[in-house]
Amino acid sequence: MPIELPPGTAAYSNKTPPPSNRQLFILLGLFLAGLALAIGLASWLAGALVWVIPTSVEQQLGRAIVPFYAAQAEPSPAQDTLNQLLDRLEPHLPTKQSAGRDYQVLYIPDSTVNALAIPGDRIIIYQGLLDKTESENELMMVLGHELGHFANRDHLRGLSRQVLLQLSLSALLGDFGSIGAIATNSISALSNAQFSQRQEQLADRVGLTLLTQAYGHAAGATDFFNRLNQEERSGLAILASHPPSKKRVRHLKRLIEQQGYQLGEKVPLPKTLR
Ligand SMILES: [Zn+2]
């Protein structure tokens, strides 16, 4: 049996959603806005924390993390040469990025095509990456790029927010007892850290400056990334952790032009690295 409604009721409910629906939409909107704000705040906090963590805490963390990589590396003429190359870049770092630091290369004889900057001032170079370089200049660009990651503290950004928070608390409380556990949790995060286009461009900028200061010209700056670009779909480790190389090459070429850098003669790879 149909219920008789007062005149005008049907027309009203057809045109306008009932107030309860509207309230639901407002609540949902508020919830989504709150969620977006929380996510934004958390990533801002993580970005800010990397500048709060003092070098001393970073080095504590390094003491726990470095042995994991050092166990895979082996003292070799190649590692010695890589360290000599790094020594030629370091004098060109600004004082605030070189004071109290002890940058060294750990060379890991493994086919992985990648390089990493890890807490404890170590740059990991895998043999797979070395095998892909053809001149000393392009290898120096890779080393300079990794020094750029230290300058921008990207080696800490690779850690999870939870780890960054724990580290900041340790620093605040002067309690380093838990750093060993934090380090163990961080190793896979560091090896698989994803860097944004912006982080890569900042590191490339540092690398390019160091390369040009070491040789007096910028030849070789784009070679390595150019070659990667041609292998883009081959599933190399460096491509999983780094954004497309095509854009990076374009960015570097623009920088070289803007700075008026010259392109001179490239130096062949030292014998120990061929
Ligand atoms: Zn990078």
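Close-up 1. The expected span is taken as 1.5 Å times one less than the number of residues, while helices (H or I, at least four residues) and strands (E, at least two) are DSSP runs numbered from the N terminus. The model is predicted, so that local features need pLDDT of at least 70 and side-chain atom pairs count only at pLDDT 80 or more, whereas totals for chains, interfaces and linings use all residues. Residues are numbered from 1 along each chain as its sequence is written, and side-chain values use heavy atoms, with hydrogens and water left out. H10 has a kink of about 35° centred on asparagine 185, the bend being the angle between axes fitted to the seven residues ending there and the seven starting there. Its buried residues are Ile179, Ile182, Ala183, Ser186, Ile187 and Leu190, where buried means under 20% relative accessible area, exposed over 50% and partly exposed in between (1.4 Å probe, protein chains only). Among the elements that cover these residues are helix H3 (55-70), strand S2 (115-118), helix H8 (154-157) and helix H9 (161-173), with contact meaning heavy atoms within 4.5 Å.

**Close-up 2. The salt bridge between glutamate 58 and arginine 101.** The closest N and O atoms of glutamate 58 and arginine 101 are 2.8 Å apart, in a salt bridge (a side-chain nitrogen of Lys or Arg within 4 Å of a carboxyl oxygen of Asp or Glu). This pair links distant parts of the chain, 43 residues apart, with glutamate 58 in helix H3 and arginine 101 in the loop between helix H5 (95-98) and strand S1 (104-108). Glutamate 58 is buried, at a relative accessible area of 1%, and arginine 101 also counts as buried, at 17%.

Close-up 3. Arginine 227 and glutamate 134 meet through their side chains in a salt bridge of 3.6 Å, N to O. Because arginine 227 lies in helix H12 (residues 223-230) and glutamate 134 in the loop between helix H6 (127-132) and helix H7 (136-151), the pair ties together parts 93 residues apart in sequence. Glutamate 134 is exposed, with a relative accessible area of 57%. Aspartate 223 forms a salt bridge with lysine 266, their closest N and O atoms being 2.7 Å apart. Aspartate 223 counts as buried at 17% relative accessibility, whereas lysine 266 is partly exposed at 42%.
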